[in-house]
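Visitor: Hi! Could you walk me through this one in plain words?
Guide: Happy to, so let's take a look together.

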Amino acid sequence: MHVQGNAKKAIIIGIDGASARSVRSAMERGRMPNLKKLTGRGVFAEALPVLPTHTPTNWTTIGTGAWPGTHGIIGFSVHHGGEPLSKWHSGFDTREVQAEFLWNAAERAGKRSILLKWAGPTFPVTVRNGIQVDGCFCVSCIHEISGPRMYSAEEDPHASRIHLKKASGWKNVPDSHSEPLEATLDLGSEELKVELYVLVVNSQGKGYDRVLISTERDAGKPIEVLSLGEWTDWVRLRFKGKSSKVGTVRLKLLELSKDASRLRIYCSQIMPTTGWTYPEQIAAELVEQVGPFLQRIGYIQQGRVYGAWAGHGTMMEELEYQHDWFVRAAVYLMGNYDWDLLFLQSHAPDYIFDNLIKEAEPLTTSDRERSERYLELIDRTYEIVDRTIGRIAERADEDTLVVVVSDHGVIGFHSTRHVDDVISEILEREGLLFYRSRAVQPGTKPKFGREEINWSRTKAAFFDSIYIYLNLKGREPDGVVEPEEYEGLRDRIIEALRSYKDPRLGTCPFSLILKSEDAKLLGLHGDRIGDIIVAVRPGGLYGEGHGHFLPTVDYGISSLKAVLVMAGPGLKRNYELKRPVWLVDVAPTIAHLMGIPSPKQAEGKTLYEAFTH
């Protein structure tokens, strides 16, 4: 039986990686005035994520109201029981989800949803009576022609090398006090490419200072003439290969020395003008009416560069553009199409926290001044997100429910050594994990992944931040653990974990060690999870800001707890929820307020404490 709600429409804004503690601080310090205003006319809660505290797991939980054991997205990757432990599936694939999404439940009630870059598993598309705009993971995109890319005249492991030489064959060359130089930029991918031509000139007699970019060697027809720090406008180019696509791109001149020995040009992500929406025609419509779509930005995390890294200034500029586009796209779609629920996700907090938190967090920083600079960048990011919330929320009338929710927080850490390495070394020392031998450069340590594991000898392996899987005979095709060994081996591994002492903490770093059958307490069950579940405490010598920590952790300026703000008809005003809130509670509560069925497999509770009646 089902009670009719008061809200006629709902706007759900997701902010990835935003902890309740850091958001509360930003609101109190005036950096998120729009969210504070929304909180003042609604309710605020610290919501507990599910384990593992990762992106796909928790956005699926938010979207379905189900625990991971039920919805099946148990991490970034998904293992199917009965398949080899070397075979895994993407946690961002909707075909792996075993529970109904809120938007599909809304469709059963005749409602229409707009998913605007909503997170978690969203492809293949599950929307049937509505609109979906992209929704890929933050560091990859199945629709892009190319990710962000750097071009450099110097050797750089993260850049494409360009070679400057004396310009030749150019028309309409401008006056230059030094010999004009040229280079070629190969844009796109191996499958789809286009060439741009670069002309470098000395326009003032003080050294090289201008870069002209063109589709042909004609300085009279430039895309743009750039000075240091400037962007081109967005331009459409036809990328050719086995097929042909029109893509949108813009470039920025990052560095140009007076003698042109140093030249760096940043190229944004290149998105096609079609192919990233449902229905298909919406993409071209948005590009025409709103502007080119930027799905992901140049991003670095713990030294790993995803596409390109140009610096925090450029990162902020890309976030500004992306979030302004979100607002314009949301306003356009809401104004031109029928809708009942709008879902929009920003990945900005997770980008900046994953990038900076180790040195921003005063408890883990190595440099106090750097910490202060990085904390300001975090605040600037929250300001960008807050403006987005404010500009969209102002479109809501008194009958519209507005929800702001995050999937997890991110906390500081002392070391960049991953917990995978720690637990894998424990398993190796116990003689349970073996790798295939392979050539390694002298003086370097081999980096092993699941593809290098020797499964013919391995009895146990650690995956996806919290799971230890036993290679059990009769269950895994390559199993070597006899069924009668199973319980004793689990006990032995658990004892080895308990005996391990973190060098910094001086004690066992594991805050939770559970056998799989006991993990039902945390909503983890079924044949996809590991045989042993492990969580770690903060402050030790292993590093990642979320994933392997318990959802309840508070540490320094941040926490793992998610934020939940709701305002609209039927909700209390200026009220903080006192009872424990889990992210599984979000979908059932929205459904109740909207007067629609909860998703079929939803297990969360309706947050009656938030209601006026």
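Guide: One term to start with: a nonpolar core is a set of buried Ala, Val, Leu, Ile, Met, Phe, Trp, Tyr and Cys residues joined through side-chain atoms within 4.5 Å. Buried means under 20% relative accessible area, exposed means over 50%, and partly exposed is in between (1.4 Å probe, protein chains only). This is a predicted model, where local features need pLDDT of at least 70, side-chain atom pairs count only at pLDDT 80 or more, and totals for chains, interfaces and linings use all residues. Residues are numbered from 1 along each chain as its sequence is written, and side-chain values use heavy atoms, leaving out hydrogens and water.

Visitor: Okay, how many residues are in the largest nonpolar core?
Guide: There are 73, and Leu35, Trp276, Leu286, Trp325 and Ile392 have the most contacts inside it. Helix H7 (residues 312-336) gives the most to this core, with 12 residues. Helices (H or I, at least four residues) and strands (E, at least two) are DSSP runs, numbered from the N terminus.

Visitor: What does Leu35 touch, apart from its neighbours within four places in sequence?
Guide: Its contacts, meaning heavy atoms within 4.5 Å, are Val23, Met27, Asp386, Ile389, Val404 and Val565. There is also a second, separate core of 52 residues, and Leu51, Ile426, Val536 and Leu560 are among them.

Visitor: New topic: how many disulfides are there?
Guide: A search of the whole structure finds zero, counting a disulfide as a pair of cysteine sulfur atoms within 2.5 Å. For Cys136, the nearest cysteine sulfur is that of Cys141, 3.8 Å away.

Visitor: Is Cys136 buried or exposed?
Guide: Cys136 is buried, at 12% relative accessible area. Cys508 counts as buried too, at 14%.

Visitor: And where is Arg528?
Guide: Arg528 sits in the loop between strand E26 (510-515) and strand E27 (532-536). Arg528 counts as buried because its relative accessibility is 9%. Beyond residues up to four places away in sequence, Arg528 touches several residues, including Gly72, His79, Glu96 and Tyr469. A polar atom of the Arg528 side chain lies 2.9 Å from the backbone oxygen of Gly72.

Visitor: Last one: which strands does E14 join?
Guide: Strand E14 (residues 235-241) runs antiparallel to strand E11 (residues 192-201), with two bridges. Six bridges join E14 to strand E15 (residues 244-249), also antiparallel. Two strands pair if DSSP finds at least two bridges between them. E14 and E15 form a hairpin with two residues between them, and Arg238 has Val246 in E15 as its bridge partner.

Conventions:
Polar contact = N/O pair within 3.5 Å; in protein donor to acceptor, adjacent residues only side chain to side chain.
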